[in-house]
Amino acid sequence: MISIVIPVFNEHESIVDLYSEICEIISLYNDWEIIFIDDGSSDGSAEIIIDIASKDSKVKLIRFFRNFGKSAGFKYAKGDVIITMDADLQDDPKEIPNLVKKIGEGFDLVSGWKKIRHDPWTKTFPSKIFNFITKLLTGVKIHDFNCGLKAYRSAVIKSIEIFGGRHRYIPALAGQNNFSVSEIIVNHRPRKFGVTKYGGSRLFHGFFDLLTILFLNKYTQHPLHFFGMIGLTTFTVGSLTELVVLYYKFWLGDPFAKHIALLLLGVIFLFIGVQFFSIGLLGEMMARYSQRKEDRVKEIISSSD
């Protein structure tokens, strides 16, 4: 079974055309469903989808009053393969068989790559920066994390925690969980109706989501590795600063009062370093306690079986 998940936000002009294009392609498969996720549209998009669903039982509508997008739609998808795409007609439904074919080659996740992109530079340039940083920090070697066209095995969606804007990082999360990730070049079409719904704030939100993912997946079990690194850096800076003050005092004969600002700056860095070490140690203690508690629960369950 194939599930197609499509978030919709004020795209009433494109919905009927998109549905018609998908039906031409999806008829190649025996079992399928289309799930539209209405993210609080105010332009009548939901009413159009309701009308389509009343005539086609394979079309479903999930309505929210604010933006949840693909992340919320995954829980309702029943397919063995889940396809995501945007509702603005820039994602070409003809790429669906190519994504499914690539999944059939043994990959768990296949991401589209809009190699030739029909968007203004105000959208493409920040996206290139975003993709470069994400690829560098996560180690997942794909070109376009933001592409709406993706295909997933259902096991991928069920195995990783997805909420908010984290759907764009599913390739990174899948790679960290040892799922196989690939990509194919997909056709990207010029926008036919309306304007883009993504503003500049998306870049900042995406950056903070990336930091959250990196921290939760890499440092949850060893928080001292994260906080200790920061603590060591600041403590070293503080120590070097104080050594400079001592150099002025005992080598050049300057009084401490002459370099009081530098002295206080060094003390602040030393204090911050100690604080970060303390946070890391507390995190380690909590992680160890949580792990022991989890192991104990597993032992009880095993013994009861």
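**Before selecting anything**

The model is predicted, so that local features are given where pLDDT is at least 70 and side-chain atom pairs where it is 80 or more, while totals for chains, interfaces and linings use all residues. Residues are numbered from 1 along each chain as its sequence is written, and side-chain values use heavy atoms, with hydrogens and water left out.

**The whole chain**

Start with a cartoon of the chain, which holds ten helices and seven strands; helices (H or I, at least four residues) and strands (E, at least two) are DSSP runs, numbered from the N terminus. Of the 305 residues, 43% count as buried, where buried means under 20% relative accessible area, exposed over 50%, and partly exposed in between, with a 1.4 Å probe and protein chains only. Among contacts (heavy atoms within 4.5 Å) between residues at least 6 apart in sequence, 79% join residues at least 24 apart.

Select residues 2-8, which form strand β1; seven of its seven residues are buried, so the strand is largely enclosed by the rest of the structure. With side chains shown, Ile2, Ile4, Ile6 and Val8 point one way from β1, whereas Ser3, Val5 and Pro7 point the other way, and all of them are buried. In a regular strand the side chains alternate between the two faces of the sheet.

Now bring in strand β4, residues 81-84, which pairs with β1 in the parallel sense over four bridges. Here the bridge partner of Ile2 is Val81.

Display the seven strands together, and they form an open sheet of mixed pairing in the order β3-β2-β1-β4-β6-β5-β7. At the edges stand β3 (59-64) and β7 (181-185), each with a single partner strand, so one side of each is left without a neighbour in the sheet. Neighbouring strands are turned by 20° against each other on average, direction ignored; the axes behind such angles are lines fitted to C-alpha atoms, for helices over the stretch in contact, and angles run from 0 to 180 degrees between N-to-C directions.

Next select helix α2, residues 45-55, which lies across β1, β2 and β3 and runs at about 155° to β3. Then select helix α4, residues 96-104, which lies across β1, β4, β5 (109-113), β6 (150-153) and β7, and runs at about 35° to β6.

**Salt bridges**

Turn to the charged side chains, where a salt bridge is a side-chain nitrogen of Lys or Arg within 4 Å of a carboxyl oxygen of Asp or Glu, a rule that gives eleven salt bridges.

Select Glu21 and Arg189, whose side chains meet in a salt bridge at 3.0 Å, N to O. Glu21 lies in helix α1 and Arg189 in the loop between β7 and α8 (201-218), so the pair ties together parts that are 168 residues apart in sequence. Glu21 is partly exposed at 23% relative accessibility, whereas Arg189, at 18%, counts as buried.

Move to Asp31 and Lys58, which meet in a salt bridge at 3.9 Å, N to O. This pair links the loop between α1 and β2, where Asp31 lies, with the loop between α2 and β3, where Lys58 lies, 27 residues apart. Asp31 is partly exposed, with a relative accessible area of 38%, and Lys58 is partly exposed as well, at 25%.

Arg153 and Asp108 form a salt bridge at 3.5 Å, N to O. Arg153 lies in strand β6 and Asp108 in the loop between α4 and β5, so the pair ties together parts that are 45 residues apart in sequence. Arg153 is partly exposed, with a relative accessible area of 28%, whereas Asp108, at 17%, counts as buried.

Finally among the charged groups, select Glu11, Asp88 and Arg191, which are linked in a network of salt bridges.

**Cysteines**

End with the cysteines: a search of the whole structure finds zero disulfides, a disulfide being a pair of cysteine sulfur atoms within 2.5 Å. Cys23 is partly exposed, with a relative accessible area of 22%, while Cys147, at 2%, counts as buried.

How values were computed
Pairing = 2+ DSSP bridges.
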